[in-house]
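This report concerns a protein and its ligand. Please examine the sequence and the structure below before reading on.

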Amino acid sequence: MHVIVMGAGVVGVSTAYFLLKAGHRVTVLDRQPVAGNETSFANGGQVSVSHTAPWAGPGVPWQLLKWVGRQDAPLLLHPRFDPALFSWGLKFLANCSKTAFERNQRKNLRLAQISRFLLSVIRDETGIQYHQRSGGILQIYRNNDELLAASRASRQIIDLGCEMRTLDVDACLAIEPALEARRDELAGGIYSPGDESGDAHLFCTGLAGYCEAQGADFRYGVEIEQLGVEPGQVTGVVTSQGVISADAYVLSLAAYGARLVKPFGIKLPIYPTKGYSVTVPTGGHNGAPSVSITDEDNRLVFSRLGERIRVAGTAEFAGYDTSLNEGRARSILEKARYQFPSAGNFDEATFWTGLRPMTPDGLPLIGTTPLQNLYLNTGHGTLGWTLGAGSGKAIADVISGSPADLDLRDFSLQRFR
Ligand SMILES: Cc1cc2nc3c(=O)[nH]c(=O)nc-3n(C[C@H](O)[C@H](O)[C@H](O)COP(=O)(O)OP(=O)(O)OC[C@H]3O[C@@H](n4cnc5c(N)ncnc54)[C@H](O)[C@@H]3O)c2cc1C
């Protein structure tokens, strides 16, 4: 079968890889000059299998209210009426109960476990390098009560098959000596040794190159304008370079896919949520962490990517606006400089923003649509790097009619009906 994958981010490229492996002819379309150049470009780098909790959870609505109007808040809600955000927000609130939170976390965790295994398969089969580190993720806490609460919550994740250890300050420093500079402020941490980190952009370019060598056709600089649809099925993709047709089509355009399918009555509950990252060259300094860190108080993640440190976080509901608010980026930079003062050349940091394609329940959309040859693999929100490989294999299995590794009803669009 000839399959067109729309989008060459980590989700689209992983999809292309597994479709090729299943014996399909694959064409990938993307407006950028290379793969992984939008949301997959400078994310937090964490393959966080043990941290798949959705944003929607108990207590979150109150937390959001406390943050409204605070410019330095981890989450910034611009006070304007946006019907799409309103409708998304209602679905988000409906997922804030304890039951929904635990259910959604469990489903994502299962997909993340499969995904981590498939990442290792991809590495072994292709030999691609992306500054991958398997040193785990250490969540740090500065408050004892919060550490205890997180430790209690981690039991549920341990029961689902992840190793997580609650550590005192000395044990945290033994794992990551770079925490020494702020040792006095720490209460302890939770360490997940099975988690990983790596550069998603390098992964995308490496895997796209491998797929091209295996016969996939990657067409860059192609703007997808609309879908050609005849009753019941897609007939082609209308692009800046003409109409391109295939037997089946996979939508992996992150936050931009919803607009494309809306004219056909398909409503994707995906809202763009802007995040920031700061990348600091280590420049020969030796105070950079080598284990990936999650700073729970500041809602920031740190990943070592070769001779750079990536620090990422914050969320802004500002529609499709990708402009960079320098103040917010600098606030991340200063928090990173404070935590790891001798990590690198902070004055040479680069700033970036990306739009997380967020669903209200935090689970991606993987599966069929009312159009019989159009498939979804999108809406990975905060976890696209963690879930990308598993999602790519899952949709390739659906298209190939192969048995699935997990129950894909959990990720179907129908769950929002
Ligand atoms: C600050 C930040 C930190 C993050 N940290 C992590 C992390 O630590 N771990 C983790 O697992 N996830 C993280 N994420 C989330 C992760 O980066 C995303 O979920 C993931 O990159 C989404 O991948 P994607 O392939 O769906 O989207 P993208 O990478 O955006 O790919 C979509 C592609 O579609 C193309 N496209 C869109 N519209 C069109 C069009 N009209 N025509 C042609 N091409 C088009 C784009 O060029 C793009 O290449 C983070 C995100 C942000 C913003």
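Tyrosine 130 is buried at 1% relative accessibility, where buried means under 20% relative accessible area, exposed over 50% and partly exposed in between (1.4 Å probe, protein chains only). The model is predicted: local features need pLDDT of at least 70 and side-chain atom pairs count only at pLDDT 80 or more, while totals for chains, interfaces and linings use all residues. Residues are numbered from 1 along each chain as its sequence is written, and side-chain values use heavy atoms, with hydrogens and water left out.

Tyrosine 130 forms an edge-to-face aromatic pair with tryptophan 385, with 5.4 Å between the centres and 75° between the planes. Rings of Phe, Tyr and Trp (its six-membered ring) pair if their centres lie within 6.5 Å; planes under 30 degrees apart count as stacked, over 60 as edge-to-face and the rest as tilted. Tyrosine 130 lies in the loop between helix H4 (98–126) and strand S5 (137–141), and tryptophan 385 in helix H10 (residues 384–400), so the pair ties together parts 255 residues apart in sequence. Helices (H or I, at least four residues) and strands (E, at least two) are DSSP runs, numbered from the N terminus. Tryptophan 385 is also buried, at a relative accessible area of 4%.

## Further aromatic pairs

The count of aromatic pairs comes to twelve. In one of them, the rings of tryptophan 88 and phenylalanine 317 have centres 5.5 Å apart and planes at 50°, so this pair is tilted. Tryptophan 88 belongs to helix H3 (residues 83–94) and phenylalanine 317 to strand S17 (residues 308–317), 229 residues apart. Both tryptophan 88 and phenylalanine 317 are buried. Trp88, Phe92, Tyr271 and Phe317 make up one aromatic cluster.

## Serine 391

Helix H10 also contains serine 391, which is buried with a relative accessible area of 0%. Serine 391 touches Leu111, Ile366, Asn377 and His380, leaving aside residues up to four places away in sequence; contact means heavy atoms within 4.5 Å.

## The ligand

The ligand is surrounded by 35 residues, and the closest are Asp30, Ser40, Gln46, Gly381 and Thr386. A residue is near a molecule or strand if one of its heavy atoms lies within 4 Å of it.

A polar side-chain atom of aspartate 30 lies 2.6 Å from an oxygen atom of the ligand. A backbone N or O atom of isoleucine 224 is 2.8 Å from a ligand nitrogen atom.

Key
Polar contact = N/O pair within 3.5 Å; in protein donor to acceptor, adjacent residues only side chain to side chain.
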